[in-house]
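Dear colleague,

My notes on it follow directly after.

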Amino acid sequence: MNTLKTFLLGLSLSLALPIAARPLSEQTFRSPGREYGPMTWWHWINGNVTREGIRKDLCAMHRVGIRGVQLFNTHIYLPRGPVEFASEEWFGLVRYAVEVCDSLGLKFTTMTGAGWSGSGGPWITPERAMKKLVWAETTVAGGQAELQLPVPMRVGGFYRDVAVLAVPARYAAGRIEELESKILMKNGAMLRTPFRPEPSETIPRDSVLDLTASTDASGWLRCRIPDGSWTVIRFGYTLTGKKSHPAAYGGEGYEVNKLDADDADFQFEQLLGRLFAATEPYLGNTFEGILFDSYEAHFSNWTKRLPEEFRRLNGYDFMPWLPLFTGRYVGSHRESEQVLHDLRKLLDSLLTECFYGTMQRRVRERGMVVYAEAQGGPVPACAMDRVDVPMNEFWNPDTRPRLTKLKLTASQADFRGRRIVAAEAFTSKPEHGRWQNTPRTMKRPGDLAFAGGVNRFCFHTYAHQPADCAAPGFTLGRYGTLFGRLSTWWEYAGEWITYLTRSQYLLQQGRTVADVCFLMHDDVRYNFPADMVRLPAGYDYRIAFPADMAGARFRDGEVRFASGLSSRLIVLADNGCMDLGTLETLHRLVAGGALLLGPPPATVPSRREAQRLDQARYDRLVADLWGGLDGCTVREKRFGKGRVFRGMTAAEAISRAALRPDIDFGTPTDGAIYHLHRSAPGAEIYYLTNQSDKPFHLRALFRVAGLQPELWDPLTGEVSPARVTHTDSRGVGVELVLEPARALFVVFRKPLPADRKAYSRAAAEPYPVRTLPVEGPWTILFADRRQRAADTTVSELTSWHRSDDCRMRYYSGTAVYTTGFEVPADLLAGGERVLLDLGEVCDIARVELNGRDLGTVWTPPFSLDVTGALRSGRNRLKVSVANTWINRLIGDEQLPEDLAYETAGTKFTAGRLTALPEWLYSGAQPADRRRIAFTTWKHYAASSPLVPSGLLGPVRLTVCRKR
């Protein structure tokens with residue numbers, strides 16, 4: 001690798017790896033660079049792509065502060081455009097997009113195939129596609145057998161034999177509970193392995209006959225079978241049938257086999273290899289990496305080399321255990337479950353190394369990184385080993401259902417030293433999308449995602465707009481937050497993006513502090529038991545897997561992991577199995593003083609390990625930790641210097657152990673306040689978000705010693721000292737006000753001053769002493785002249801949707817309000833602070849006072865400090881307000897339809913545009929077209945309710961004085 005490549009590799013991988021400690025910068029917080037900003041998914045919709053649209057999209061992103069794009073190519077049931085996926089024209093347009101990104105300082109990332117699921121394409125033949133094991137059964141009597149065995153399921157005309165086995169017919173199939181989950185063909189509940197007494201239906205291992213050598217390639221069996229009735233099982237593999245979806249035309253084809261490195265490498269060469277060759281000068285810099293969306297390629301449990309890989313990894317032959325796939329126990333119940341565990345571990349390893357690992361290796365050769373939502377379906381936690389920027393996702397309007405999943409990804413990123421945790425942000429189902437969302441509505445779910453450990457948003461989604469004359473334009477079908485340059489509020493989005501960027505700057509510092517560590521087992525996957533992680537307010541948790549425990553030590557009251565993280569209480573999932581190494585680690589930790597909560601294991605989960613296990617020693621370790629605990633009458637014991645709890649919640653164990661919280665809020669918060677604590681060299685950074693509609697006045701105690709608290713406000717960029725109420729051995733008390741839907745950082749980095757009075761008076765909040773109404777009259781100018789809304793003057797502020805004039809009632813876009821008002825000289829004489837409060841705004845506004853741009857207000861309270869712009873005497877106020885597209889779309893529905901939409905069909909297609917209008921790429925709508933809007937999906941009807949719009953007020957000035 002030459003010097004330039006080495007430099008680019010180091011630069012690119014700095015996204016994912018720990019960075020050298022740098023002190024927090026107030027200047028960076030106030031005006032953060034684009035490198036800390038959010039990204040956006042950028043969907044090209046079924047070949048509807050133009051060079052002009054590419055340039056305008058990217059320039060619009062640059063204007064509002066977006067860090068970069070992640071490219072997808074999907075059809076999402078919409079008509080074909082002029083550009084076929086993976087054609088020479090398409091490669092040229094992608095190169096052009098990268099060039100524009102480079103000129104603007106934006107980053108570029110792309111998916112590894114068409115659609116949003118996995119990797120595949122028309123170049124994937126059945127031999128390279130995803131496989132599953134199948135079988136067909138035939139009952140035969142003992143003696144000489146000559147018969148044609150039936151062919152098992154054949155998908156896509158593809159089938160290959162694996163083996164032919166026979167078992168005594170008295171052993172029925174379907175005895176294994178949750179079989180599909182155990183052979184990784186379904187995502188089931190959290191797998192538990194309770195070893196029951198041996199069932200009478202278990203097949204003795206010496207009763208499994210291998211007839212493979214007696215069966216020819218056509219499936220004709222000729223052999224002598226022992227006396228009795230036998231079930232002959234012909235095993236083979238076929239395709240899962242899964243194809244990339246929803247692929248833009250030209251990208252349709254099978255999903256690649258993800259359990260074979262050669263097949264994954266082939267997929268890489270067919271698309272990414274060609275794309276990288278076309279964009280070579282930008283690799284590892286502007287073109288920073290590749291992306292995997294959440295895994296939706298379904299399940300695959302076979303590949304040609306699986307038997308030999310199984311033997312290599314586990315040291316024994318898997319073929320005699322094939323009847324397990326049919327739901328029959330072999331050998332013993334315990335052995336069967338352990339073999340199935342070994343199978344899952346092999347499949348986990350193959351998916352991780354052959355697919356994610358191959359892709360990571362190929363991009364790292366070019367100094368690039370892998371973004372991945374390594375989640376869903378069969379994806380194991382260990383897949384994160386081959387991901388540079390871990391991702392998850394959260395959906396509008398409420399992040400809470402996915403909070404545990406966000407914490408899972410953030411925890412695993414932290415264990416691996418990954419600095420960035422990204423998320424597909426603000427994904428929306430149709431009922432929560434359809435142009436309803438604004439920065440205001442997205443604030444609360446976004447704030448909670450930050451508390452979940454995310455520190456880089458990737459918006460879902462910005463659909464490419466190939467033509468300016470078609471607004472609001474293309475969408476990702478019926479899905480997503482419709483986010484882009486043709487949104488009515490796009491040019492006002494910069495202040496919101498800055499808010500997110502400031503937050504991400506602080507949240508990318510240091511590592512998460514979490515007192516409780518929930519230790520899962522490897523079969524948890526995506527079905528994390530969310531009920532497990534209920535904790536009292538002020539405590540946080542991380543999620544670990546057995547591999548994360550290696551090398552852990554107990555020191556100074558904490559379990560310190562080899563990764564550098566620490567926790568004070570370990571909580572086990574209820575599984576029944578634990579590998580010896582993890583058991584030994586827990587034994588050593590508790591003996592040294594650690595706290596452990598959970599049930600005991602019975603044995604190891606793996607037959608590979610069981611074959612060499614000293615079970616007596618294993619049982620002694622279990623007895624040391626759990627002996628005498630039944631979880632009912634006896635629920636706590638001491639072992640060594642530590643304690644073990646059983647049969648209680650984490651909250652009860654915390655109480656019994658008297659673990660102090662990281663934050664004591666001093667008052668019940670009713671689950672409304674979420675927090676995250678990042679510990680960085682020289683700074684303790686606490687993030688708090690109020691997810692409720694009521695304010696909280698807190699006297700909170702932070703578990704920090706001897707440091708001055710500061711309030712870092714991501715909404716304004718202001719940094720100010722916080723008011724300290726008291727200090728003691730437990731920490732520093734801080735007076736805080738968290739308004740509804742407000743988020744705030746409390747940062748500790750400087751020593752407390754010796755004079756207690758100095759810091760107790762530090763942050764006295766200003767209080768209102770006088771108000772002055774701004775009453776108008778107001779002149780309203782409607783900016784979009786196409787909609788023909790008449791300019792007007794009003795004495796009272798009301799919503800446009802209540803107007804008798806249909807042109808105002810259905811208007812969507814920006815309207816400019818202007819008025820003048822008098823300010824008495826004495827109002828400014830005392831040096832007080834003056835705020836302009838706009839009251840209610842629907843939905844976002846930019847304010848100018850006396851010709852001075854004061855910025856944008858996008859979330860309540862819609863107020864700005866106008867002290868520096870206000871003058872005594874006459875003042876001129878200008879407020880530009882934008883609403884959403886909703887009312888215009890409903891207004892258009894009052895007119896005859898002039899586009900073709902599907903009115904029947906499934907929920908996935910009803911409402912879609914079925915044909916593109918001839919005028920779409922002409923640059924202008926027909927002069928006689930009565931409708932204003934163009935959409936690719938019909939979300940509204942003529943009878944749909946209109947929404948409030950405009951400046952509603954009351955508008956007033958508030959004079960505030962410091963205490």
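Just after helix α7 (residues 306–314), glycine 315 adopts a positive phi of about 80 degrees. Please note that this is a predicted model, in which local features need pLDDT of at least 70 and side-chain atom pairs count only at pLDDT 80 or more, while totals for chains, interfaces and linings use all residues. Residues are numbered from 1 along each chain as its sequence is written, and side-chain values use heavy atoms, with hydrogens and water left out. Helices (H or I, at least four residues) and strands (E, at least two) are DSSP runs, numbered from the N terminus.

In α7 itself, the buried residues (under 20% relative accessible area, with exposed meaning over 50% and partly exposed in between; 1.4 Å probe, protein chains only) are Leu306, Glu309, Phe310 and Asn314. They lie on the same side of α7, because they cover an arc of only 110 degrees around the axis, taken from the directions from the helix axis to the C-beta atoms. Their cover includes α8 (333–364) and α14 (607–610).

Two further backbone sites have a positive phi without being glycine. Tyrosine 77, at about 70 degrees, is located in the loop between β2 (68–74) and α4 and is partly exposed, with a relative accessible area of 31%. Alanine 741, with phi near 55 degrees, lies in the loop between β31 (731–738) and β32 (743–751) and is buried at 16%. Most residues other than glycine have a negative phi, and most peptide bonds are trans.

Cis peptide bonds also deserve mention. The bond from alanine 471 to proline 472 is cis, with omega near 5 degrees, and proline 472 belongs to strand β13 (residues 472–473). The bond from glycine 776 to proline 777 is likewise cis, with omega near 5 degrees; proline 777 sits in the loop between β33 (767–773) and β34 (778–782).

Finally, tyrosine 674 is part of strand β25 (residues 673–680) and counts as partly exposed at 22% relative accessibility. Leaving aside neighbours within four places in sequence, tyrosine 674 is in contact (heavy atoms within 4.5 Å) with residues including Arg400, Leu403, Leu448 and Tyr687. Tyrosine 674 and tyrosine 687 are 13 residues apart in sequence, and their C-alpha atoms are 8.2 Å apart in space.

Yours sincerely
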